[in-house]
Amino acid sequence: MKTWSKFTLASLFAVGMAATASADEITVYTALEEEEIAAYVEAAKKAMPETEINVLRLSTGKLGARLLAEAGNPQADVIWGWAVSAMMDPQILEMLEPYAAKGVDVLPASFRGEDGKWFAPIGYMGAFCVNTARLEEKGLPMPKSWKDLENPDFKGEILMPDPNSSGTGYLHVNAVLQTMGEEAGWAQLEAVDPNMAQYTSSGSKPCKSARVGEYTVGISLAFTAMQSIEEGYPLAMVFPEEGVSAVTEPVAILSTAQNPDAAKAFVDFLISEDGQKLAASQGYLPAHPGVPAPEGFPARDQIKLMKFDPAEALKRDQANKMKFSEIFGG
């Protein structure tokens, strides 16, 4: 289900920005979660107080479908917070305008497109969200790996996003397949499947369900896990021993942007010092190497990442999703 969020900062945050006919206005399409969108747009006001920001939040797959459907009459100015494998679709790249945002030159190569059409201000990581109260109540061991989730005692206690509808779901599936290899990766996913209560359409849903005690383990996002812990839920964030599934989340400006200057200002904010510190506070790995990893995370050089090749992920996208549906009925 799509969600329009008109983040006119005056109405959402009651900060007295009166919209006028001459006010700048941009439309942003994103796959980020609502809570994240609100935090970023509130902060962006300080950098671009005269701009009205309209945000359309869609799941990863639906966002891509909408962009392609609108190719003849684009409605968005900026694509933000979308999986890099999706952004690298040649049909999408054709719609984008190269832009060298301020400070982008210091980012690692994996956070930048070679053609200059996109860069990733953040990397987001997957995690197991484990409800410690439910774990203790049911006498279950703390899962530290994908292998641990095979334990039959976890039957009906695990949720995971469906990769056919969730970018987070595809992040996890693709990381397992690329790291373990196709044969061993599918075998690992099949070994955990008997314990799955449900494959969800939302990437954050597994963690949110686990945090309130509906299930014990939600295979989800580090962002949602951190937020849940800060809000006082009995939750542990676990980075599996096989490695952390992680992917960059690019931002790009469409060549048809109606207000390119405002679009550039928004993009500049994301890579600014304030934008990068906000990313860390939200539980993301900031792209700028000078900004520390989020509090509660291992140091950057101590985070073990699962393998991720975005070109391979894009190439195998449809085949992997079809196979997932065939095996697991997604």
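Start with Tyr284. Its relative accessibility is 3%, so Tyr284 counts as buried, the cut-off being under 20%. Remember that this is a predicted model.

What does the ring of Tyr284 pair with? Its partner is Phe223: the ring centres are 5.8 Å apart and the planes meet at 5°, so this pair is stacked. Phe223 is buried as well, again with a relative accessible area of 3%. Now look at where the two partners sit. Phe223 belongs to helix α10, residues 222-230. Tyr284 is in the loop between α12 (273-281) and β12 (285-286). They are 61 residues apart, and the pair links distant parts of the chain.

Next pair. Phe239 and Phe297 go edge-to-face, with 5.3 Å centre to centre and 85° between the planes. Phe239 lies in the loop between β10 (235-238) and β11, and Phe297 in the loop between β12 and α13 (310-315), so this contact ties together parts that are 58 residues apart in sequence. Phe297 has a relative accessible area of 10%, so Phe297 is buried.

How many aromatic pairs does the structure hold? The count is 9. Ring pairs also build a cluster, made of Tyr40, Trp80 and Phe266.

One charge on a ring, too. Lys321 lies over the face of Tyr170, and the distance to the ring centre is 5.3 Å.

Now helix α14, residues 317-328. Phe324 is found there. With a relative accessibility of 1%, Phe324 counts as buried. Take the C-alpha of Phe324 and the C-alpha of Leu189: 9.4 Å apart in space, yet 135 residues apart in sequence.

On to helix α3, residues 60-69. Which of its residues are buried? They are Thr60, Leu63, Gly64 and Leu67. Why are these on the same side of α3? Because they cover an arc of only 95° around the axis. The general rule is this: an α-helix has 3.6 residues a turn, so residues three or four places apart point the same way. What covers the buried residues of α3? The cover includes strands β2 (24-30), β4 (78-80) and β11 (246-254). It also includes helices α4 (84-87), α5 (90-93) and α7 (167-180).

Strands now. Take β7, residues 158-161. Ile158 and Met160 point one way, Leu159 and Pro161 the other way. Buried or exposed? All of them are buried.

Which strands pair with β7? One is β8, residues 196-200, in the parallel sense over 4 bridges. Another is β9, residues 217-221, also in the parallel sense, over 2 bridges. In β8, Ile158 stands opposite Met196. In β9, Ile158 stands opposite Val217.

Last item, confidence. The mean pLDDT of the protein chain is 88, and 93% of its residues reach 70 or more. By element, helix α6 (residues 132-137) has the highest mean, 98. Helix α1 (residues 9-13) has the lowest, 32. The pLDDT is below 50 over residues 1-22. In the model, this stretch still has 48 contacts beyond near neighbours in sequence.

To recap the ring pairs: Phe223 with Tyr284 is stacked, and Phe239 with Phe297 is edge-to-face.

How values were computed. Residues numbered from 1 in each chain as written. Predicted model: local features only at pLDDT ≥ 70, side-chain atom pairs only at ≥ 80, totals over all residues. Heavy atoms only, no water. Buried < 20%, exposed > 50% of the residue type's maximum accessible area, 1.4 Å probe, protein only. Pairing = 2+ DSSP bridges. pLDDT = per-residue confidence, 0-100. Contact = heavy atoms within 4.5 Å. Arc of directions from axis to C-beta. Phe/Tyr/Trp six-rings, centres within 6.5 Å; stacked < 30°, edge-to-face > 60°. Lys NZ or Arg CZ within 6 Å of the ring centre and 35° of its normal.
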